[in-house]
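Notebook open, model loaded. I want the overall picture before I pick at single residues.

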Amino acid sequence: MGGKTTIFALLERLYEPNKGKIFFDNKLISEYKLQEWRKHIGYVTQESPIIDGTILDNILYGTKGDFTKEQIDSVLEKTYLKREIEDFSKGIHTEVGEKGMRLSAGQRQRIAIARVILRDPKLLLLDEATSNLDSHSEEVVKKTLDNLMREKTSLVIAHRLSTILSADNIIILEDGRISGSGTHKDLYEMHPLYRRLVDLQFDLSEVK
């Protein structure tokens, strides 16, 4: 157990830390009302929930639904879904089926990301968001996430390293402890485990 999920649980305030304090924007997160704090968080997991309804139902899931067509079109553009959805006979009103069975894995994940973008949270938590995707879907979802993370404070749990190579700071957790932190370049040069993982996952010309 590395402790990665525990960190996310602490950020969500599922429980409070025994030691130390967590600040966001120079304010203790415990000083926010719980409901207010969680409104600031956008969470994308490897299997984000898809409900039995339309594409629009799923994009608006968990919101009050008070968004304009222009706002919805904007998130579809940002997630590279607009053209794909226009190919469906009923467009955004297409029924997705139980657990989104009528959509590809990449489309399901991008709908989950569109839902997050629409809420415009301050803090983005990504938990293995591309781990269940094939290479093509992963590339499209990665482009979507790259666009989203430029505008947000983002924390990413990843074993697939493609989503974190350009991160400002990468933290290596081993047995519940931080064994290294830094940029991709720093860690590749100085951290044996990180270098080994990179070498296993990539052609070296891709990541240097």
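**Ground rules.** I'm working on a predicted model, where local features need pLDDT of at least 70 and side-chain atom pairs count only at pLDDT 80 or more, while totals for chains, interfaces and linings use all residues. Numbering runs from 1 along each chain as its sequence is written, and side-chain values use heavy atoms, with hydrogens and water left out.

**Whole protein.** Along the principal axes, the C-alpha atoms fill a box of roughly 55 × 45 × 25 Å.

I then checked burial: 43% of the 208 residues count as buried (under 20% relative accessible area; exposed is over 50%, partly exposed in between, with a 1.4 Å probe and protein chains only). Among contacts with a separation of 6 or more, 64% come from residues 24 or more positions apart (contact means heavy atoms within 4.5 Å).

**Ser162.** I found Ser162 in the loop between strand E5 (153–157) and strand E6 (170–174). Is Ser162 buried or exposed? Its relative accessibility is 15%, so I put Ser162 down as buried. Leaving out residues up to four places away in sequence, Ser162 touches Glu138, Lys142 and Phe202. I also took the C-alpha separation from Ser162 to Gln201, which is 8.7 Å for two residues 39 apart along the chain.

**Arg13.** This one sits in the loop between helix H1 (4–11) and strand E1 (23–24). I noted Arg13 as buried because its relative accessible area is 14%. What does Arg13 touch, not counting residues up to four places away in sequence? My list reads Ile29, Ser30, Tyr32, Lys33, Leu34, Trp37 and Arg38.

**His184.** I placed His184 in helix H8, residues 184–190. At 10% relative accessibility, His184 goes into my buried column. Its side chain makes a polar contact of 2.8 Å with the side chain of Tyr194 (a pair of N or O atoms within 3.5 Å; within protein, one must be able to donate a hydrogen and the other to accept it, and residues adjacent in sequence count only if both atoms are side-chain atoms).

How values were computed
Helix = DSSP H or I, 4+ residues; strand = E, 2+ residues; numbered from the N terminus.
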